[in-house]
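Here is a short briefing to read alongside the sequence and the model. Take a look at the fold before going through the points.

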Amino acid sequence: MLKQRILTAAWLAPLALVGLFGLDGVAFALFTAAIVLLGAWEWANLAGLEAGARRLKPVLGLAVLMALLGLTGQHQASWVLWLGALGWLLNLRWVVGYPSRLAQWGSTGMRLAMGLWVLLPAWVGFNALREAGGVWLLFVLLLVWGADVGAYFVGKSLGKRKLAPRVSPGKTREGVIGGLVVTELLALVFADWQALSFGATLALLAATAVVTLASVVGDLLESMLKRHRGIKDSSQLLPGHGGVLDRIDSLCAAVPLFALLQVGGFGA
């Protein structure tokens, strides 16, 4: 399994870096759309559509919405990001209340709707951050990675209090704090690099804390859906790594929220 993970990472990481930072405009939008649509194919399974044409319908529906946003110049629209932010508030309520609130989201239709407000704003967020020059896209990618690394090492060494045992038994509150420390330090480095004012630096630190916590919710949300479906990975598209959603679940929460906050001006 370790060998397979390394082999997959060996081609996946360069492809992702070239796509995210070597492309722009329409090419970037198409590249990120392909990733999100693969995630939509997996989400259809999480929603209870196991195979066949029924599983493809929500993917095609999302593709049509993306095309319409692109053709009308709305592929970076803040209203889509707001849709995502409101949707993640609902997601948070359901994760915190699992399994007592299962009846509110357990139907296939609701899980498909959940996928819409998770995946579409993520795509718009990617486009908005890339249009801003790429530096803030790099930041949010490092933020999610830093949050994961900090949570893993602190949780493994100091973790005692479970964060959401009914959803993801391995996560601890100490781990979340460790992730927050790492991302706040990262924010200070970026603030210095971008020569942000004192006020803008404080805004970035606050936004970083919020987005770091959102990334944790993104991870927990997918864990909750997989637990409900009784599956370990969202798919086997990435040998040794599971599925696309297993790689981007935290980003789906972090990217649109960070893009929305970045519009507020700290990146200007």
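Which residue in β2 does Lys 162 stand opposite? Lys 162 faces Thr 172 in β2. This is a predicted model, in which local features need pLDDT of at least 70, side-chain atom pairs count only at pLDDT 80 or more, and totals for chains, interfaces and linings use all residues. Residues are numbered from 1 along each chain as its sequence is written, and side-chain values use heavy atoms, leaving out hydrogens and water.

**Fold**
- The protein has 10 helices and two strands, taken as DSSP runs (helices H or I, at least four residues; strands E, at least two) and numbered from the N terminus.
- Along the sequence, the order is α-α-α-α-α-α-α-β-β-α-α-α.
- The radius of gyration is 18 Å, close to the 18 Å that the globule rule gives for 268 residues, so the protein is as compact as a globular protein of that length; the radius is taken over C-alpha atoms, and the rule is 2.2 Å times the number of residues to the power 0.38.

**The strand pair**
- Strands β1 (residues 162–164) and β2 (residues 168–172) run antiparallel and are joined by two bridges; pairing requires at least two DSSP bridges between the strands.
- Three residues lie between β1 and β2 in this hairpin.

**Packing**
- Of the 268 residues, 48% are buried (under 20% relative accessible area, 1.4 Å probe, protein chains only).
- Among contacts with a separation of 6 or more, 74% link residues 24 or more positions apart (contact means heavy atoms within 4.5 Å).

Notes: Buried < 20%, exposed > 50% of the residue type's maximum accessible area, 1.4 Å probe, protein only.
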